[in-house]
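Colleague: Before I rely on the labels attached to this model, I would like to go through them with you and hear what each one rests on.

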Amino acid sequence: MSENPEVKIRKDSGEAKKILGFKSKKTVILIGIGVGAIVLLLAFIIGTHVYYNSRFYPNTWIADYEISGMKYDEAKQKLPELYANYQLEMNGRNGGRTVLTKDDIDYEVNIDSSLKEQYELQHDEFSIFSIFEKKELDLDLGVNYNEQKLENFLRKCELYVGSQSYPITKPENAKVVFSDEKKSLVIAEEIEGNAIQYDVFKEGVKKALSQGLHSIQLEELAVYQKPKITAENEGLVQELNACNTMILRWITWKIDDDIQETLGPKKIYSWCNYKDGKVTFKKQAVRNWMQQLCQKYKTVGVTRTFTNHKGKEVNVAGGDYGWEFNNETMISDLIRALKKEVNKEAQQAYLENPGEETKKALTTKLKTKYLTTAYQRDTVEKENDFDAKNFTEISLKDQKVYVIRNGKVKFSCKLISGLPVKDRQTRTGAYYIKEHQIHRVLVGEDYKTPVDYWVRITWTGTGFHSAPWQPWSRWTKDTYKSRGSHGCLNLEPKNAKKIYELTKYREIVFIY
């Protein structure tokens, strides 16, 4: 049997009424909440407006001071008190700090009219939406101070002139320098320093004083002098690459079996001139360095001490015996080596992995070239370069010559030296035997004399030779004063032959 349709409709209608009734109550509640919120908001706005109608708004600042909620009269009284012990702290780089006090410059403020103006302006612009935002009032403090006192203070303050504990460092440009660690050139970053631009500094301080600030950071005021060239400068990078190409090389000279001189990149760089992308060398600096190297090992002309035929020590200076490099030739060799192109791949390998192996590929060995040499080399006492047991000794005082062999007198004889007048006297010093000739013609301005058994001692004409014309039978040690030569060492013919036979090429001769 089927259900009655009318009964069903009535049931559905009842349920619908229940639902509609529930929704109506919810709506009423929501409306009530909304109305309540509006009422509360209006109450808050009205209350806030009423409360702050005679006060400064929340989050209101004048310079470093908060005056939120203060009444005008309260702020007017409070602010001058805050400036009663005013001081300005200036903080600089490297921990620098200077404090400027009120009394230093007779600092005063007068805020009455400006404070009133800002108070009224703030209330004319009331908005509930911005009332809690921070408000920095542009208050004219009516600042007044002694300009000359400020000038004097700033000119003498530690931040500007420095002190022993706070030295002033000027800015330095970034530059190409040699790195001892990397053994090549690098770019040294610029140095900012702490030197101040006075005019900018003064303006920053004056602005802070006018605003009543209690502290300033000089870094933020951009008062510091700046370097003109930074490490990112393209020109520096070009200079770095160009100079590294020229200096990354080593040049060596073998001085002795266990002695070697090495010229490296650091010294080479000190000779470089870089301009318009090109590198040139300071030739005079190269010459000076080579001359110093030559002088380091030169023994020609030094004072030597030898033991004479009597066993006494004698000091002799001057002469041409000893070690001496051929300076001009070695300078030319060095300049050619510096200009020689170096393998760029080898240089790059060294830059990536500096070490003895990569350095070896960049090393040039040059020959040591001498003008004169000696018997031996003593790097500690370089004057000990002769054979102390085998030499020839000439005593001008005794007018005798002694040939020393194995530390003993092998042969001695009398001689006649140069006439003791300018341009004819025999010069003292340590020389070496330069040549032997059985027959030679000696030529001077006023003479042309054939001689036998010529043994050259100096390139200017001094030497041993036979002199049969001298009065040997009447010889005394003073004979040279009247019968002296043009500088040579005259010998009796029989003795001249003996000296010719005993003396040796490049052996030292002491004349004293």
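**Labels and their cut-offs**

Modeller: Let us begin with E219, which is partly exposed at a relative accessible area of 45%. This is a predicted model, in which local features need pLDDT of at least 70 and side-chain atom pairs count only at pLDDT 80 or more, while totals for chains, interfaces and linings use all residues. Residues are numbered from 1 along each chain as its sequence is written, and side-chain values use heavy atoms, with hydrogens and water left out.

Colleague: Why is E219 called partly exposed?

Modeller: Buried means under 20% relative accessible area and exposed means over 50%, with partly exposed in between (1.4 Å probe, protein chains only). E219 has 45%, so the label is partly exposed.

Colleague: What makes R93 and E219 a salt bridge?

Modeller: The term requires a side-chain nitrogen of Lys or Arg within 4 Å of a carboxyl oxygen of Asp or Glu. The closest N and O atoms of R93 and E219 are 2.8 Å apart, so the pair qualifies. R93 lies in the loop between strand 3 and strand 4, and E219 in the loop between strand 8 and helix 8 (234-247), so the pair ties together parts that are 126 residues apart in sequence. Helices (H or I, at least four residues) and strands (E, at least two) are DSSP runs, numbered from the N terminus. R93, for its part, is buried, because its relative accessible area is 13%. R93, E192 and E219 are also linked in a network of salt bridges, and the structure holds 26 salt bridges.

Colleague: How do you know that E435 and R440 form a salt bridge?

Modeller: Their closest N and O atoms are 3.9 Å apart, which is within the cut-off, so the pair counts. E435 is partly exposed at 22% relative accessible area, and R440 is partly exposed at 26%.

Colleague: Which parts does the salt bridge of D180 and K266 tie together?

Modeller: D180 and K266 meet at 3.1 Å, N to O. D180 lies in the loop between strand 6 (175-179) and strand 7 (184-188), and K266 in helix 9 (residues 265-270), so the pair ties together parts that are 86 residues apart in sequence.

Colleague: Why is T98 called buried?

Modeller: T98, which sits in strand 4 (residues 97-101), has a relative accessibility of 8%, and therefore counts as buried. Leaving aside residues up to four places away in sequence, T98 touches L88, E89, M90, F153, C157, E158 and L159, where contact means heavy atoms within 4.5 Å.

Colleague: Why is L30 called exposed?

Modeller: L30, in helix 1 (residues 5-51), has a relative accessible area of 53%, so the label is exposed.

Colleague: How do you know that the buried residues of helix 7 line one face?

Modeller: In helix 7 (residues 198-211), the buried residues are Y198, F201, K202, G204, V205, A208 and L209. Seen down the helix axis, they fall within an arc of 160 degrees, so they line one face; the arc is that of the directions from the helix axis to the C-beta atoms. The face turned away from the buried side of helix 7 carries the exposed residues D199 and K207. Among the elements that cover the buried residues of helix 7 are strand 3 (87-91), strand 4 and helix 5 (147-156).

Conventions
Expected span 1.5 Å × (residues − 1).
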